Amino acid sequence: MSSDDELIALDRAHVWRPYTSSDDHEKRSLLVVARAEGPWLITGDGRRVLDASGSWWCNNLGHGHPRLRAAIARQSERMMHCTLAAATHEPAARLAAELVAIAPNGLTRVFYSDNGSTAVEVALKIAFQYWQQNGRPERKHFLALPGGYHGDTLGAMSAGDVDEFTSVFRPLLFGVRRPPDVVNHQWEPVFERLFALLREGADQIAGVIVEPMVQGAAGMRTYPADLLAALREETKRADTFLIADEVFTGLGRTGPLWACDHAGITPDLLCTAKGLSGGVLPFAATLATDRIYDGFRGDKSRALMHGHTFCGNPLGAAVAREVLAIYRDEDILESADPKAAKLAARIQRMTEVPGVTAPRSLGMCAAFEVGAPGYMGTIGWQISDAALELGAHLRPLGNTIYVVPPLNIEDADLDHLLDIVRESTERVLVSAP
Ligand SMILES: *Cc1c(COP(=O)(O)O)cnc(C)c1O
């Protein structure tokens with residue numbers, strides 16, 4: 001047995017794969033990745049496959065960036081882990097200051113956790129507990145957008161609305177109010193309904209949580225910046241918190257460093273993970289304002305009752321610091337602009353393929369539809385299979401095909417990826433017998 005076959009056999013026998021039925025796990029082909037470099041996943045026999053989904057939307061600087069490898073090596077020689085309970089260390093303390101310096105103005109406090117879901121749980125718990133102990137205990141409810149996705153833990157699922165992911169767990173989730181879903185990409189009525197819910201229930205609303213500008217898991221759905229700005233105004237008027245889940249959109253994925261920057265707003269709480277570590281270690285942060293932080297002053301009973309074993313993990317924090325340094329030194333955001341323009345132009349042209357609809361992009365995130373919407377669509381998977389043959393690992397969201405390449409992908413590699421996207425889509429939609 002070749003070692004790949006052995007690994008596949010071991011995997012099929014013992015690994016429980018995310019979002020994959022036990023039967024599908026036995027049937028679907030598995031890519032055995034031996035190494036990864038830049039935008040490439042590399043198999044044991046040297047085959048190179050473009051990582052079009054950015055290893056689940058987090059690989060913003062390519063695989064194996066030499067400076068990230070060096071940062072991990074350096075930090076690992078000093079200290080790999082240490083509690084953040086009544087202790088601190090250079091990576092956690094300096095990273096917090098560095099994050100505050102580049103965050104939307106007014107976010108001054110950093111709570112560390114390990115992943116996007118926990119960053120969201122922390123934000124929800126902070127908002128909830130804040131009102132409980134600051135004179136507004138009736139503020140127990142959250143508002144959210146239709147189609148939002150905020151992670152897979154119970155609180156994050158409650159805030160989210162991607163039914164295929166959460167419906168089975170409904171009885172375990174707390175109710176979150178949200179307007180009916182968007183029709184024909186018309187977001188104004190959705191936000192108008194959201195504002196109405198906010199005005200009606202302002203006294204009961206602990207916060208409004210949204211993915212700013214792009215709803216990732218709902219199928220890379222984008223909405224205009226002026227609606228995000230209007231939401232900021234409405235939440236201010238209601239004097240309740242705006243929680244920006246920038247787990248996917250942060251760190252330049254949509255163009256500016258934060259998607260909130262498109263609207264020039266500061267949320268009360270901001271969640272970041274995925275690209276924060278360059279997508280190489282599980283690491284997350286929830287940022288908050290002084291006003292919120294000050295609501296937790298007083299005796300022990302007023303402390304935020306939340307903490308993770310790996311809060312502020314030194315390896316993760318050291319890597320995140322190096323990520324921010326690379327963004328500065330390599331002008332990651334500026335040099336991604338022309339790449340994003342190329343991506344936008346080529347994704348628009350995908351409508352030349354009969355059957356492709358709704359092309360859209362924002363920064364280095366682009367998507368189009370290849371059939372009836374919904375996560376359970378199957379045409380996307382046929383295109384994904386064709387793309388793998390042609391040399392790209394595309395993970396569709398049902399019939400939504402998307403690409404989220406590294407922000408620093410070489411132009412030639414980006415062209416090559418978009419050639420494969422085009423050809424695999426044509427193979428399935430046009431040349432199918
Ligand atoms: C991926 C994602 C999460 C969850 O992050 P995990 O690290 O997978 O737990 C939360 N919110 C958004 C917007 C995401 O895209």
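Me: What volume does the second largest cavity have?
Reply: The second largest cavity has about 30 Å³. This is a predicted model, where local features need pLDDT of at least 70, side-chain atom pairs count only at pLDDT 80 or more, and totals for chains, interfaces and linings use all residues. Residues are numbered from 1 along each chain as its sequence is written, and side-chain values use heavy atoms, with hydrogens and water left out.

Me: How are cavity and pocket defined?
Reply: On a 1 Å grid over the protein atoms alone, a cavity is a set of points where a 1.4 Å probe fits but cannot get out. A pocket is an open set with protein on both sides within 12 Å along at least five of seven lines. Lining residues have an atom within 4 Å of a point. Volume is the space filled by probe spheres set on the points, which are joined across faces, edges and corners.

Me: Which residues line that second cavity?
Reply: Tyr149, Gly151, Asp152, Ala156, Met157, Gly160, Val162, Phe165 and Thr166 line the second largest cavity. Helix H7 (154-159) and H8 each supply at least two of the lining residues. Helices here are DSSP runs of H or I with at least four residues, strands are E runs of at least two, and both are numbered from the N terminus.

Me: And how much space is in the largest cavity?
Reply: About 40 Å³. Among the residues lining the largest cavity are Leu333, Asp337 and Met364.

Me: Switching to the largest pocket. What is its volume?
Reply: The largest pocket has about 1,200 Å³. Of its 37 lining residues, Arg17, Thr20, Arg28, Trp381 and Arg395 are the closest to the centre.

Me: Which element gives the largest share of that lining?
Reply: H15, with 4 residues. The pocket lining divides into 19 nonpolar, 10 polar and 8 charged residues.

Me: Now H9. Which of its residues are buried?
Reply: Val190, Phe191, Leu194, Phe195, Leu197, Leu198 and Gly201 are buried in H9, meaning under 20% relative accessible area with a 1.4 Å probe, protein chains only. Seen down the axis of H9, they fall within an arc of 155 degrees, so they line one face of the helix.

Me: What's exposed on the other side?
Reply: Arg199 and Glu200 are exposed there, which is over 50% on that scale.

Me: What covers the buried face?
Reply: The cover for the buried residues of H9 includes strands S5 (141-144), S6 (176-177) and S7 (205-210), plus helix H10 (225-237).

Key: Arc of directions from axis to C-beta. Contact = heavy atoms within 4.5 Å. Nonpolar A, V, L, I, M, F, W, Y, C, P; charged D, E, K, R; others polar.
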